Amino acid sequence: MIMAILGSFSSKAQIQKVDQEVYGMDCAPCAYGLERGLKKMDGLKNVRVSLNDGKAYLELSENNSLSLKLIQDEVKRNGFSAKKAEVVIEGKLINKNGSFELETGTETYSIVAGTSDDLNSKLKPGTITLKGVVQDEGDGSLSGTWQIKLTGIL
Amino acid sequence: MAISNVIFRFILISMFGVSTIFTINAQGHGPLYGLQTPTLAKGGVDLNVAGMSLSTEDETSYMLRYLFSYGITENLQINLTTPTMIERLDNAPRTRGNSNMPANGDIEASLWYRFHSNAFGVGKRFESTAILSVSAPTEDVRGQVNVGNSVHGAVSTGYASRTWYGWIGGGYQYYFERNGEQLGDLPYASVVVGYRPDIFMGDYPKPDWRIFMETLAEFPGDNQYPGQQDLTGSRSKKVLMGPSFLGLYGAWGVSFGALFPVVQDLTPSAVKENYRVSINLSYWL
């Protein structure tokens, strides 16, 4: 029964969409390499890399097990720097001493100050899909714990 | 063939063999002649075929050269380059060829280490790379001098963006003595400025073209023979300039360009150059 509950949680909790900002990518083979590296990851439905925007746009498939850390690690492997990311994530919202955290099973997203009062007032513990901007953690210190500024509740 | 040469070539081939075990990926590209900084992605593979020609006042060389590069990490790249000499020069000037290739009949293995990289904006980065190479000749005699193995080291630093590029670097190649004779050494420096016009600012996967103005300064030492008086202080001074063009489309890259001498202050035994031309085709696996 415990396994069934955990299984149900992990299949629901996941990243659905990532617009990952990438610094340092200046040429077509750079974009080609990043696109190819990302496409090799299981769980991606669609990948598009834009040199002019400096972004990788990712749509993730249902029941994927990808994490933002895996995506940013791939950016780093290509020699670039992963910065902020606009994400849509489904997860379990937990109230910890008055602060909310979204857990996906593999990663934790702490909701930071700056989120509007209107959005904050709508947050309730339980399964939820959130839209927000994940702050840059620096390429050398990716731990799977993130700070997110909410921009919407879906 | 001397045992040391056999061992040297074995090391080169072993480095090539080990590097082909790994998986593949892709990344960056820079100028044709000048030193550059980009390194491949971790696991990335780049294959190059180049056609090179160097014309002196007496003769012209033609060479095909193949380059295999592999990204051990995103900051450490191993390269192996081998030549097919079509026409050798009897009296070859001491020079490097394309930025990561010898201009003569050497087989060369090199390590590129990007020891500094700062990606500070969309499409922008500032980075520095150190290069260490070893090479073994494919001929016994070059310009009436016994050819030995050589070592080469260089450092370059540069800026890349979506519009402007610039690299500056310097290097040194040293040939070991062989049977009492020794090819002259080669200190050199390069400066490259690159630009991409607005018309080629289309987003990936559209074709991507850029133009470079390359400058190369070389200070080759004279060859050393038995019984010759010490001419260590005697060096030629050459400055060459010219344009090169780089086109990129998906996994393919083509670059071509030429260098022309603007300064040739040569020692009596050095040969005068007319031009260098080169074309390079790249494929990122």
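**Figure 1. Strand β4 of chain A and its partners in a predicted model.** Strand β4(A) is joined to strand β7 (residues 126–134) of chain A by 9 bridges, and the two run antiparallel. Strand β5 (residues 99–103) of chain A is another partner of β4(A), with 5 bridges in the antiparallel sense. In that pairing, look for A:Lys92, which stands opposite A:Glu103 in β5(A).

**Figure 2. The turn of the β4(A)–β5(A) hairpin.** How many residues lie between the strands in the hairpin of β4(A) and β5(A)? There are 2 residues between them, and A:Asn97 in this hairpin takes a positive phi near 50°. Another positive phi turns up just after α3(A), where A:Gly79 has a value of about 90°.

**Figure 3. Helix α3 of chain A and what it packs against.** Which residues of α3(A) are buried? They are A:Leu68, A:Ile71, A:Gln72, A:Glu74, A:Val75 and A:Arg77. The buried residues of this helix pack against quite a list of elements in chain A: β1, α2, β3, β4, β7 and β8 (145–153).

**Figure 4. Where the two domains of chain A meet.** Domain 1 of chain A puts 16 residues into the contact, and domain 2 of chain A puts in 15 residues. On the domain 1 side of chain A that touches domain 2, the elements giving two or more residues are β1 (14–23), α3 and β4 (81–96) of chain A. Sort that side of domain 1 of chain A by class and you get 5 nonpolar, 5 polar and 6 charged residues.

**Figure 5. Chain A meets chain B.** At this meeting place, 24 residues of chain A are in contact with 30 residues of chain B. On the side of chain A that touches chain B, α2 (28–39), β2 (44–50) and α3 (68–77) of chain A are the elements that give two or more residues. Which element gives the most to the side of chain A that touches chain B? That is α2(A), with 8 residues. The residues on this side of chain A divide into 11 nonpolar, 9 polar and 4 charged.

Figure 6. Confidence in chain A is highest in strand β3 (residues 55–60), at a mean of 97, and lowest in helix α1 (residues 2–12), at 47. Over residues 1–11 of chain A, pLDDT stays under 50, and the model has 4 contacts beyond four places in sequence for that stretch.

**Figure 7. The barrel of chain B.** Chain B has a closed barrel of 12 strands, with antiparallel pairing, in the order β1-β2-β3-β4-β5-β8-β9-β10-β11-β12-β13-β14. From one strand to the next, the twist averages 20°. For a closer look at one pair, take strand β10 (residues 186–195) and strand β11 (residues 208–218) of chain B, which run antiparallel and are joined by 8 bridges. B:Tyr195 stands opposite B:Ile211 in β11(B).

Figure 8. You'll find B:Thr163 in the loop between β8 (150–160) and β9 (164–175) of chain B. Why does B:Thr163 count as partly exposed? It does so because 16 other C-beta atoms lie within 10 Å, and a buried residue would need 20 or more. Leaving aside its neighbours within four places in sequence, B:Thr163 is in contact with B:Tyr195 and B:Arg196. B:Thr163 and B:Gly194 are 31 residues apart in sequence, and their C-alpha atoms are 8.1 Å apart in space.

**Figure 9. B:Tyr62 in strand β2 of chain B.** B:Tyr62 belongs to strand β2 (residues 60–73) of chain B. B:Tyr62 counts as partly exposed because it has 15 C-beta neighbours inside 10 Å. Not counting residues up to four places away in sequence, B:Tyr62 touches B:Ser53, B:Ile86 and B:Glu87. From C-alpha to C-alpha, B:Tyr62 and B:Val277 are 9.7 Å apart in space, with 215 residues separating them in sequence.

Technical notes:
Residues numbered from 1 in each chain as written. Chains lettered and ligands numbered in written order. Predicted model: local features only at pLDDT ≥ 70, side-chain atom pairs only at ≥ 80, totals over all residues. pLDDT = per-residue confidence, 0-100. Helix = DSSP H or I, 4+ residues; strand = E, 2+ residues; numbered from the N terminus. Contact = placed C-beta atoms within 7 Å. Nonpolar A, V, L, I, M, F, W, Y, C, P; charged D, E, K, R; others polar. Pairing = 2+ DSSP bridges. Axes fitted to C-alpha atoms, helices over the stretch in contact; angles between N-to-C directions. Buried ≥ 20, exposed ≤ 12 C-beta atoms within 10 Å, placed from the backbone.
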